[in-house]
Amino acid sequence: MTEDRFKHDEDLFCSGHRACPGCGAALTSKLVTEATGPQTILSMPTGCMEVTTTPYPESAWGISWIHNIFENSAAVAGGIETAYKSFSKRGKEGYTDKDDVNFVVLAGDGATFDIGIRSLSGMMERGHDVLYICYDNEAYMNTGIQRSGSTPMGAATTTTPAGKQSLGEDIRKKDMPSIAAAHGLEYVATASVAYPEDFKRKVKKALEIEGPKYIQIFAPCPRGWRHESKNTIKIARLAVETGLYPVFEMENGRITNTMKVKDRKPVEEYLKVQGRFKHLFKKEGGDEIIDYLQEVADVNAEKIGF
Amino acid sequence: MADNPYKDLKISKGAVVEPRTTLVNKTGSWRSERPVIDHEKCVACGNCEKFCPDMAVKETENGKFEIDLDYCKGCGICAEECPVKAIIMEKEEK
Amino acid sequence: MAKMLTGYNAVAEAVKACNPDVIPAYPITPQTDIVERISEMVADGELTSEYVKVDSEFNAASTAIGASAAGARVFTATCSQGLKLMSEPLFSASGMRLPLVLAVANRSLSAPLSIWGDHTDTFAERDGGMIQFYAEDVQEAMDNIAIAYRVAEDNEISLPALSCLDGFILTHVQEGVEPFSEEELSGFLPQRDPIYTLDPSNPKTMGAYARPEHWTETRYTVHKAQLKAKDKIADAVEEFADIFGREYGLEHRGLIETYRAEDADVILVALGSICGTIRYIVDEYRKKGEKIGIVRPRVYRPFPVEELNKVLEDAEAIAVIEKDISLGYQGGLAIDIKSAMYSTGSRIPILNFIAGLAGRDVRKDNIRKMVEQTKEVRGKNPEDVGFENEERWDSLRTEILPGDDEL
């Protein structure tokens, strides 16, 4: 039995879920519910967070929650929001007013960058009052660490293994925040699990805005990135401190706020603590990938300005 | 699962599930190392609670941060992120 | 008051009377006119539903699912490739017991691309837990929308329903129909009152994943709900007849309709609009004193097995004429009817005619030929009809077929 001194009854994301120790996505889930509060309906696609939090007949969620399939959580959220819009307009009894409900998606990068991009694009285009949050762990973790459109250059995954002819992923990471911004969104932001208060502030800010919003949060995966579970936050911090994962806010297409980085660290510090990049330090040609990633960080620093 | 707590639970329409029901699943059994807080050193900054992915660190009524070992999976984030090194990870005696 | 309406207008009128909360819409020929007409109703303020201009049929279904989970009455329409694109979320909607009503303007599936009608699209969704209604004429297509809502939204059923009408043949033909208003429908179709919704004041988790110890039972309950839908359809059709005076196979619980089948030696089984042509041929034979009749399933899933067995058991030969082919093994309807009949020990020969694929005309003469072929097998045992006769392709243009070594 849980000892009485530990109160879990107010948690909107509960202990007992089956995510791995040190899971960045589980931490994200907790932070999302802390920021949204209970007046929230969350739509989630298939993925790690879905399967680890809702094995029938259990659920880790204290808020209204729905999963349908892998690639439609944005459209499902749009449908929920539209239903509430109709109920409010028609004065349907027994329903909370639409303005008092947060409509939120929490989805992994595979569901966001790849298979669900049509649903996401359509939802953003139509202007549904939905906050879409992507927890970005840079691969399909639920199916066993396969590359996604978010996997960075050089990362070894189970479909981009390092080998005699391979240095891991050979395609650059897709720029989803820009794609979201190109839909004319009033608010786009990136965040990191290393900075919970910053993320929660952004979620709250986004929920104040009527219409579609997009937040992408960097959420390390110890199992998939092959790092020690205790290093989840450290690695998330290093991603920001090296400039590889810039944390910013973009309002109406313009960057209005960035997390400043003093004395940017070389990308090697970030890469060397993760098994998914270890071949870059051993194999011929690895240094070129490291140089490329350094350039990505340098361009980020210049473009985003931190 | 050694003991199925749901063996008599009737299937709900559409397999709808009640909220907060994972609390029956004591993930503390996963742990190979346990965090131990030195309350002398602790400055009650709350980092351990803030960064815990398992909601296993709670501020208890006496104002102290404590680990709920029923759920702590022993990931070690709290020890790593403690600014005053007040948490150490100890091997679980099995 | 009777009105001349095309099928698409009639369906739109029925949707208006059912007054959904949310209508996600995406175009596809020949369904498009349904959602166009609805958009005009919304544009003119005749209908206050939220009309969502989605990016694909995939997200028409997905938006409908989200809205239904929130407790809304929803409608969308599609066919063919669009229904295929909806297939994945629709299978999931039945498992989650979310009622949705879709009009399907039946159309063939690629390849080759064809915009013309047959039943391949909805037959390909057979196993998804959606209730399937098939209309013979415009009036029935209209009435089936109301009946579909009543059954789908019944909390004991709570499933998606496809209300099918033949693409072009019914969607674009004008017929005299009796429309109904929301007010006239109010006693028949109650407001939706779901057991579970996405409501922050009573949070639930919908769409959990199930492990092997629970999955089979959840799917079993969907199957049971499908079976129970037969009773609900029977009630709905009976009450509909009481209110509106239009009867759809009342003596067969609204699941099938028969025409001059009671004493028939040869029975033709078919779905949808083709039965209009068959009716004409039946009358022709009857004038000559030959006992021919029609059995028309109005519902394909749940499969009206008891009703079919009852009306078919005294026939001497049966022809199943259908606009679909399960490539590699006969037509879907024939497979089911054989399974239904032969499991009772019946030895009636059942011929399977594949006809009217992708809008190919099925003319009176084609039907006459099918009747003649069926008459020939009267009294024979199924095995004597021969393996090679398991399905017969109507009006197959053998002169343009490649040789067996050139397929």
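This is a predicted model: local features need pLDDT of at least 70, side-chain atom pairs count only at pLDDT 80 or more; totals for chains, interfaces and linings use all residues.
Now widen the selection to the two strands. On one side is β2 of chain A, residues 64-66, and on the other is β9(C); two bridges join them, and the strands run parallel.

Next, bring up the whole contact between the chains. You'll be highlighting 38 residues of chain C and 41 residues of chain A. To see where the chain C side comes from, colour β3 (50-53), α3 (57-69), α4 (80-95) and β9 (205-206) of chain C: these are the elements that give two or more residues to the side touching chain A. Which of them gives the most? That's α3(C), with nine residues.

Time to zoom out and show chain C on its own. In cartoon view, there are 13 helices and 16 strands to step through. Draw a box around the C-alpha atoms along the principal axes, and the box comes to roughly 65 × 55 × 45 Å. The radius of gyration of chain C is 21 Å, which agrees with the value near 22 Å that a compact globule of 407 residues would have.

For a last stop, colour chain C by burial: 55% of its 407 residues count as buried. If you'd rather draw contacts, take those between residues at least 6 apart in sequence; 79% of them join residues at least 24 apart.

How values were computed: Residues are numbered from 1 along each chain as its sequence is written. Chains are lettered from A and ligands numbered from 1 in the order in which they are written. Two residues are in contact if their C-beta atoms, placed from the backbone, lie within 7 Å. Helices (H or I, at least four residues) and strands (E, at least two) are DSSP runs, numbered from the N terminus. Two strands pair if DSSP finds at least two bridges between them. The radius of gyration is taken over C-alpha atoms; the globule rule is 2.2 Å times the number of residues to the power 0.38. A residue is buried if 20 or more other C-beta atoms lie within 10 Å of its own, exposed if 12 or fewer, and partly exposed in between; C-beta atoms are placed from the backbone.
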